[in-house]
Amino acid sequence: MNMASDDGRRWGSGVGCRRAEVGGWTLVAARGPCDVRRWHGKGLAPLSAWVRTAILRAMRGVLLLAALLTLLPLAPVVVTAADSATLLAEALRLKEQYRDAEALARLETLLAEDAAHGPALLQAAHLHFRLGWLYSEGEERRRRFFLADEMARRALAAAPDNAAARLMAVVARGKIASYLSSAEQVRIAREISAELTSLARLLPPDDVDLLHVAAWLHFKVGKVSAVERLLAGVFFGGLPEGLYVDTAMATMRRLIELRPESPVYPYDLGVFYQRLGQPGQARPWFEKVAAMAGKTPEEEVYQRWAKRKLAQIGG
């Protein structure tokens, strides 16, 4: 007797059906006139109809439940005051370790629930500034500076009398100025000058951040030629008065005295001399930075920049 033919007649594997051997089991799939699908083991009785029906119903139930779960909205994450304090503390710890991207992620989580959280906005502004200044170039640097400006303005709106927020707003505006029109640059210079005068009455006289911004404002405005200054007055309302290159140089030297371990101020003083066409005066300051220990990522960046400047100056 042809057992295959008998199996075919018994299990519907005749005309229009397909068979497959898998691991000692025979799958018989019906097509067309054969309207059954059966698994059976050689020498074993087939599953009864009610067992197969129960399995199919259970599978349908699982699939339906899965489909419903995918349609349910996720429950919103609520950040409590305690959570906010924890996230801010974690961000500050990560920032001190120069893990800026991780710190920013914590702040963004916090701000997603409390968009007007002043301290978080202030720290986010500084992190965007630092990521843009130290680790970015081109369009990414521009994007970071504008984000720093946005965060600083929001921090200032949340705490208008906060001196740190006001100073951060000044720093951010100064950084985006170079991407704006000449008219906007002149206007921003006037705004920064007025704000620094106001902040000088609130902050200690040796506040290094205030002095640093003031040094750069003195330098950039002080080295503007008489013709450029005249044109700025005619077309854009005029540059702020009382800003001088000599004051910029003296202020930067004062910063080096206040923070002798920082690479920022000797590097900037070298840049001042270089932009004034005095590479011989710039060289010792770049050499000073290049010889520093490089204990932090910031110091390593400034060391790299200083070596690049020395290469530009040459022998």
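Predicted model: local features only at pLDDT ≥ 70, side-chain atom pairs only at ≥ 80, totals over all residues.

Me: Thanks! Which residues in helix 8 are buried?

Reply: Residues are numbered from 1 along each chain as its sequence is written, and side-chain values use heavy atoms, with hydrogens and water left out. Buried means under 20% relative accessible area with a 1.4 Å probe, protein chains only. In helix 8 that applies to V186, I188, A189, I192, S193, E195, L196, S198 and L199.

Me: What covers the buried residues of helix 8?

Reply: Contact here means heavy atoms within 4.5 Å. The cover includes helix 7 (163-176), helix 9 (208-222) and helix 10 (226-236).

Me: How far apart are the end C-alpha atoms of helix 8?

Reply: The expected span is 1.5 Å times one less than the number of residues. The 18 residues of helix 8 (182-199) should therefore span 26 Å, and this agrees with the distance in the model, 25 Å.

Me: How are helix 11 and helix 12 oriented to each other?

Reply: The axes of helix 11 (residues 245-258) and helix 12 (residues 264-275), lines fitted to C-alpha atoms over the stretch in contact, come within 9 Å and cross at roughly 160 degrees. Angles run from 0 to 180 degrees between N-to-C directions, and those over 145 count as roughly antiparallel. Helix 11 and helix 12 are therefore roughly antiparallel.

Key
Helix = DSSP H or I, 4+ residues; strand = E, 2+ residues; numbered from the N terminus. Buried < 20%, exposed > 50% of the residue type's maximum accessible area, 1.4 Å probe, protein only. Parallel < 35°, antiparallel > 145°, perpendicular 65-115°, else oblique.
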